[in-house]
Every structure is written in C-alpha cells, then in structure tokens.
Number of protein chains: 2
Amino acid sequence: MTKVSTGATMSLDGYIADASHGGFEHLFQWYGNGDVEIPTATPGMTFRTSAASAEHVRALTERTGALVVGRRLFDMTNGWGGRHPMDVPVVVVTHHVPEGWDREGDSFVFVTDGIEAAIERAKTLAGDKEVGVNGGTIATQVLEAGLLDEVHVDLVPVLLGDGIPFFAGLRIAPVQLEGPVRVVQGTEVTHLAYRVRR
Amino acid sequence: MTKVSTGATMSLDGYIADASHGGFEHLFQWYGNGDVEIPTATPGMTFRTSAASAEHVRALTERTGALVVGRRLFDMTNGWGGRHPMDVPVVVVTHHVPEGWDREGDSFVFVTDGIEAAIERAKTLAGDKEVGVNGGTIATQVLEAGLLDEVHVDLVPVLLGDGIPFFAGLRIAPVQLEGPVRVVQGTEVTHLAYRVRR
C-alpha cells in the first residue's frame, strides 16, 4: 500500500498561516536558520537549516514519489515556475485544466474528477514511494475521504494568536491519531509525525 | 525571581476545549490511561497515568507553590470542593469576593484589583516555589502583561476540528518562545515546555 501523508508548519497555538499579523516569517524561519544547505529543483531556491532539519527534509524528499495539491496552491505559486522544488510529479485537483497547460505533463497532471481520483493517480505516479498532500483544504478532504495515513507537524515555538488552523473545518472530528511515531528536534522547530487511526 | 508558568492539554490542531464535538474525553484521556496512581488532595480523585506522565505531574506539583485562576474556573469547579487537587493556595482573580467565602483563606485568596496584583500575591504565597496560572483567558492576560515565563503544552494526538484555541484573542502576537526546553513522552500525550522570550 502506498502511504499518503500531509504536513504543515504550525505555530504552537495551532495556526498554519496567519494573514492578519504577518506571522509567516516566524513560521518558516526554520527553513533558513541553519547552515546545512538543502538544494531544491527550483533555480535559486536553497534552504539552510539545522543539520537535524536538513536530514529530516532529505529523508522526506527521498520517500516522496508524487504530490497532490489544490488548484489554489498551484495558482499561488504559479506552478512553482514549471517544476516543484521537490522534483516530483504533482497532481493538481481542479475543476478545469488551467489555460496554457497540458492535462498530462511530466511535472503536472490535472485531475478534474475529484480527490479520490487524484490520490489514485498520484499513487500510480509515486511507484514504490509515498504520496504527499499539500495545502490545508485538500489535506482535510483527503482525511475526510479516509485516504490519509500520516500527519506531519513542524511545530514552531511562536504564538500567532489568530490565523488559519490546521485541518480547518474538519467535518469528521474527532479524529484519533497515533504517536508521535517520529520526533526530530531542529532549531526552533520540532518535527512530529503521527499515524491516522482507522 | 519566582517563575510563572501556564499549561494546557491541547489537541494537535490547537484546541484546549471543544464544546461542540465533545472532544474533552479525548483531550484528558491521558489522566486515566496508565497504571501509575497519582493521588490528589481531592477526596476520591486519583489519576492513573503512564509512568512518564506520572513523573512529569509529580515534578510539576512539587515545583508549584501557588496557583492563579480566573473566577470562571473557580465557579465551574465549585472551588474544587474547598481545596485544589494540587494542595496549594489558589489566588482567584475576580471583581467581587464570592458569597460565603472569606477574602483571605488558607485555600483561596480573592484578589479584586487586577492580574498584576494577583501574580504578586501568588508569588508571595509560593515562597521559593513556582506560580502556575490556570485557565486560557487568565493565562492570556498574564502573558499580555509580560508576567509569564513558561508555557507548557500537553499535546494530544487527536484532531478536534473546532473549539477554543490556546491563548485565544492574544493581542500582542506574535510572541516568540524558546524551546521545547523539556520533552516528556507519555502514553497518548507529549509534554512540552517552552520559555517566553523577552
């Protein structure tokens, strides 16, 4: 069985994004607060993290064979300039194939018939590797559809006071998890992994 | 300097209470899911936790010399039946001394002139021990007043989807913390401690 996981960087008070207070710079500080370089497939984009976080990201990248993302994230990042930083094929869940893009490409596959189909497609693309799901709304849908195996939280020691919660609007709560099955302490971030209980 | 800390049991998606989904039984499961008994000062109230959580609670109880709580928590628990389970004096922040209670007792002291005065009073009562602050609203006020030194989170692997966030309505965000300075893994709970940065 191909494992399906999602992850987010989260403040200690539970927010993965915060428009009003501009807390983003605190959430994502750990991508740049170390001296171990993590190259990406995106030209000019290199992370510099603690050794522990770098090893964590390297292992995650190595395990991941394909991603599933929502259309909003694809648009926001402008299709990551043509190739995702993790250098894996990305399945985009959308109502319509965006103008100027092929339905099936090496870097992006646009799936218009729902989340189950998108996960199925990503599993095929991932081969013997794992599928990662990115974006809070899509992750919530995958969890609600019973298709999510793991939840990864990069917990950052900051209080944002307000923002977008992880798994906002979850309709099948409470969802019990198991773990943490993995704990990695980086600099100003704790990488936690949990298994979804069936 | 007397250390002032607050703590809460929190779901992985950041909620410390959840009225609508009844998630409380999941949040507080760790107080009863082990076989090490933790007696309390409340007759008939004994926790049964994992050995790791029991040691964590024992150490916390030993360190704590006084508590500060809000009037709502005092009323909700009916004054803990006369004595707090931790067996320490409790300073209650309130507008009026509740009927039937002395302003100054062995178990409860009612402070009507604000949060700074309450913390001051608790520090005196704590002697060479620490002060604990209980209740989300009061903890937020103490943090906003610059009087909080540590934040403790008992992180529970459950998603509640909705509820009352930790430090809800915080007006001085973002607040940067340091740590975790302590990580204790119990059964279905991770005890994390952070220091507030000045």
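Reply: Happy to! A cavity here is a set of grid points where a 1.4 Å probe fits but cannot get out, and a residue counts as lining when it has an atom within 4 Å of such a point. Please keep in mind that this is a predicted model.

Searching the whole structure turns up three cavities of 30 Å³ or more. Let us begin with the largest cavity, which holds about 50 Å³ of space. Its lining draws on both chains: His26(A), Gln29(A), Val156(A), Pro157(A), Val158(A) and Glu188(A) come from chain A, while Gln176(B) and Leu177(B) come from chain B. Sorted by class, four of these lining residues are nonpolar, three are polar and one is charged.

Now for the second largest cavity, with about 40 Å³ of space. Around this second cavity you will find His26(B), Gln29(B), Val156(B), Pro157(B), Val158(B) and Glu188(B) of chain B, together with Gln176(A) and Leu177(A) of chain A. The lining of the second largest cavity divides into four nonpolar, three polar and one charged residues. Because Glu counts as charged, Glu188(B) is the charged member there.

Conventions. Residues are numbered from 1 along each chain as its sequence is written. Chains are lettered from A and ligands numbered from 1 in the order in which they are written. This is a predicted model: local features need pLDDT of at least 70, side-chain atom pairs count only at pLDDT 80 or more; totals for chains, interfaces and linings use all residues. Side-chain values use heavy atoms; hydrogens and water are left out. On a 1 Å grid over the protein atoms alone, a cavity is a set of points where a 1.4 Å probe fits but cannot get out, and a pocket is an open set with protein on both sides within 12 Å along at least five of seven lines; lining residues have an atom within 4 Å of a point. Grid points are joined across faces, edges and corners, and a volume is the space filled by probe spheres set on the points.
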